[in-house]
Amino acid sequence: QVRRVRQVRQVRQVRRVRQVRMRAVLSALLIIEAFGAGLYVAGLVSALPGHDALVIVVILARGVVGALQFTAGWVLVNKRPPGVALARYAFLSSAILTTLAVGFNLAPTSVYPWFRWQVTGAYWVYALGALWILSKKPSP
């Protein structure tokens, strides 16, 4: 009986360590994406007057989502209560924005036109995987 209790505790501890590591990886990915979004917006600021209003909105939305991604990654890595919820919103909003910017080609991008939907689909798989990981309840 004691052996069984020890095994259950060990399994719970291993699950907890895995969950902490996965959240650390996701927070690092969010912060890296946020810096990428910042570089993207900074590179296009000087060209904003030459674009249509819809393109400008998508570019500026990328900046806002980048700020959300950085905040979510930072709060998640510091294990603050709103971290998981912010990270979920960040992944979902970034996937939606990627669909608009890359998939529908509503903003300047370096993705070749014939790879637009493959890249968009891959990003959705990544975002949904992150949402699935974040939806798991913490182990006791």
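Okay, let's start with helix 3, residues 83–103, which gives the most to the nonpolar patch, with 3 residues. Helices here are DSSP runs of H or I with at least four residues, numbered from the N terminus.

Quick housekeeping. This is a predicted model, where local features need pLDDT of at least 70 and side-chain atom pairs count only at pLDDT 80 or more, while totals for chains, interfaces and linings use all residues. Residues are numbered from 1 along each chain as its sequence is written, and side-chain values use heavy atoms, with hydrogens and water left out.

Which residues form it on the surface? They're Leu92, Ile96, Leu100, Phe104 and Trp117, and together they have about 460 Å² of accessible area. Areas come from Shrake-Rupley with a 1.4 Å probe, and for residues only the protein chains shown count as cover. To get into a patch, a residue needs over 30% relative accessible area and no salt bridge; nonpolar side chains (Val, Leu, Ile, Met, Phe, Trp, Tyr) are joined within 5 Å, like charges within 9 Å. A salt bridge means a side-chain nitrogen of Lys or Arg within 4 Å of a carboxyl oxygen of Asp or Glu.

Take leucine 92, which is in helix 3. Leucine 92 counts as partly exposed because its relative accessible area is 36%; buried is under 20%, exposed is over 50%, and partly exposed is in between.

Now the charged side. Arg6, Arg9, Arg12, Arg15, Arg18 and Lys136 gather in a patch of positive charge on the surface. Lys and Arg count as positive, Asp and Glu as negative, and His and the chain ends aren't counted. The charge sits at NZ of Lys, CZ of Arg, CG of Asp or CD of Glu. Lysine 136 lies in the segment after helix 4, 116–135, and is partly exposed at 42%.

Leaving aside residues up to four places away in sequence, serine 27 touches Gly73, Leu76 and Val77, with contact meaning heavy atoms within 4.5 Å.

Arginine 4 is also placed in helix 1, but counts as exposed at 54% relative accessibility. From arginine 4 to alanine 67 it's 63 residues in sequence and 47 Å in space, C-alpha to C-alpha.

Last one: valine 125, in helix 4, is exposed at 60%.

Methods. Helices (H or I, at least four residues) and strands (E, at least two) are DSSP runs, numbered from the N terminus. Buried means under 20% relative accessible area, exposed over 50%, partly exposed in between (1.4 Å probe, protein chains only).
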